[in-house]
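Here's a quick briefing for anyone meeting this structure for the first time. Have a look at the model, then walk through the points below topic by topic.

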Amino acid sequence: MLLRGFALSMEAALLHAVDEMCDQAPMRNMVTPGGHRMSVGMTNCGDLGWISTPHGYRYASKDPESGNPWPAMPECFLQLAASAAQAAGFDGFRPDACLINCYEPGSRLTLHQDKNERDFAQPIVSVSLGMSAVFQFGGLKRSAPCGKLLLEHGDVVVWGREDRLRFHGVLPLKGEPHPRLGERRINLTFRKAG
């Protein structure tokens, strides 16, 4: 479900929290198990954080760069994730992981499935802030045709149930800078991982 402008009323709190999270656990360009440097800057907050290792992708309770626990998930993040999930028909969603992505012009996220979580009955809640981006939403196989959605500042996408394991991605970022975030798109992806 696409919730247009759903996060706009919380914009200031969300952006302030993103800055605080990045001060505690700075953005980094992770390296895939195949040795490729990801074009999207990433960090995490919550009890668990998504990481890439030479052996694969997984969740960890500590930041591998600092050895410290990931920053606690801000209350405004929890409120937004729960209310967006509820609006899409998922009552009682309480994420324990938030992947914070920073896209700059040219960066992209190739088609992938979110499948490192333990409970696929829980939805994914994805929040867009900053520059507009084209989100691809495909099928249960990578080769399936993809639909495309233009996501703008404040939009939230929620998916789950039979759509939970659909392939999805973001086309290379391009377009006009955002008045507040400039040439950046911040994406918050909330998950129940543990």
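## A strand residue to start with

Val156 is found in strand E10. Keep in mind that what you're looking at is a predicted model.

**Val156 and its surroundings**

- Is Val156 buried or exposed? Val156 counts as buried, because its relative accessible area is 0%, under the 20% cut-off.
- Leaving out residues up to four places away in sequence, Val156 touches Met1, Leu2, Leu3, Phe6, Ala7, Ala84, Val125, Ser126 and Val127.
- One of those contacts, Ala84, is also among the buried residues of helix H2.
- Val156 and Asn187 sit 31 residues apart in sequence, and their C-alpha atoms are 9.6 Å apart in space.

- Thr43 is part of strand E2, which covers residues 41–46.
- With a relative accessibility of 0%, Thr43 counts as buried.
- A polar atom of the Thr43 side chain lies 2.6 Å from the backbone oxygen of Ala25.
- Which residues does Thr43 touch, not counting those up to four places away in sequence? They are Cys22, Ala25, Pro26, Met27, Arg28, Trp70, Cys98, Leu99 and Ile100.
- Arg28 is in the loop between helix H1 (11–24) and E2.
- Arg28 is a loop residue, and it is buried, with a relative accessible area of 9%.
- The side chains of Arg28 and Asp63 are joined by a polar contact of 2.9 Å.
- Asp63 also turns up in the contact list of Arg28, along with Val40, Gly41, Met42, Thr43, Glu65 and Trp70, once neighbours within four places in sequence are set aside.

**Arg191 in strand E12**

- Arg191 lies in strand E12.
- Arg191 counts as buried, at 7% relative accessibility.
- Setting aside neighbours within four places in sequence, Arg191 is in contact with Trp50, Tyr59, Phe93, Pro95, Asp96, Ala97, Leu99, Asp114, Glu117 and Ile124.
- Between Arg191 and Asp119 there are 72 residues of separation in sequence, and 9.7 Å in space from C-alpha to C-alpha.

**Helix H2**

- Helix H2 runs over residues 75–87, so 13 residues in total, and it reaches 18 Å from its first C-alpha to its last.
- That reach is close to the 18 Å expected at 1.5 Å a residue.
- Which residues of H2 are buried? They are Cys76, Phe77, Leu78, Leu80, Ala81, Ala84 and Ala85.
- After H2 comes Gly89, which has a positive phi near 95°.

- Arg161 sits in the loop between strand E10 (156–159) and E11.
- Arg161 isn't a glycine, yet its phi is positive, at about 50°.
- As background, most residues other than glycine have a negative phi.
- Lys174 is in the loop between E11 and E12.
- Is Lys174 buried or exposed? Lys174 is exposed, because its relative accessible area of 70% is over the 50% cut-off.
- Lys174 touches Met131 and Ser132, not counting residues up to four places away in sequence.
- Lys174 and Phe137 are 37 residues apart in sequence and 19 Å apart in space, C-alpha to C-alpha.

**Cysteines**

- How many disulfides does the structure hold? The count is zero.
- Cys76 is in no disulfide, and the nearest cysteine sulfur, that of Cys45, is 9.1 Å away.
- Cys76 is buried, with a relative accessible area of 14%.
- Cys102 is in no disulfide either, and the nearest cysteine sulfur here is that of Cys22, 7.6 Å away.
- Cys102 is buried too, with a relative accessible area of 11%.

**The largest pocket**

- The largest pocket has a volume of about 670 Å³.
- There are 34 residues lining the largest pocket, and Met38, Trp50, Leu109, Thr110 and His112 are the ones nearest its centre.
- Which strands each supply at least two residues of this lining? They are E5 (97–103), E6 (109–112), E7 (124–130), E11 (168–170) and E12 (185–191).
- Trp50, one of the residues nearest the pocket's centre, is also in contact with Arg191.

Methods. Residues numbered from 1 in each chain as written. Predicted model: local features only at pLDDT ≥ 70, side-chain atom pairs only at ≥ 80, totals over all residues. Heavy atoms only, no water. Helix = DSSP H or I, 4+ residues; strand = E, 2+ residues; numbered from the N terminus. Buried < 20%, exposed > 50% of the residue type's maximum accessible area, 1.4 Å probe, protein only. Polar contact = N/O pair within 3.5 Å; in protein donor to acceptor, adjacent residues only side chain to side chain. Contact = heavy atoms within 4.5 Å. Disulfide = S-S within 2.5 Å. 1 Å grid on protein atoms, 1.4 Å probe; cavity = no way out; pocket = protein on both sides within 12 Å on 5 of 7 lines; lining within 4 Å. Points joined across faces, edges and corners; volume = space filled by probe spheres on them.
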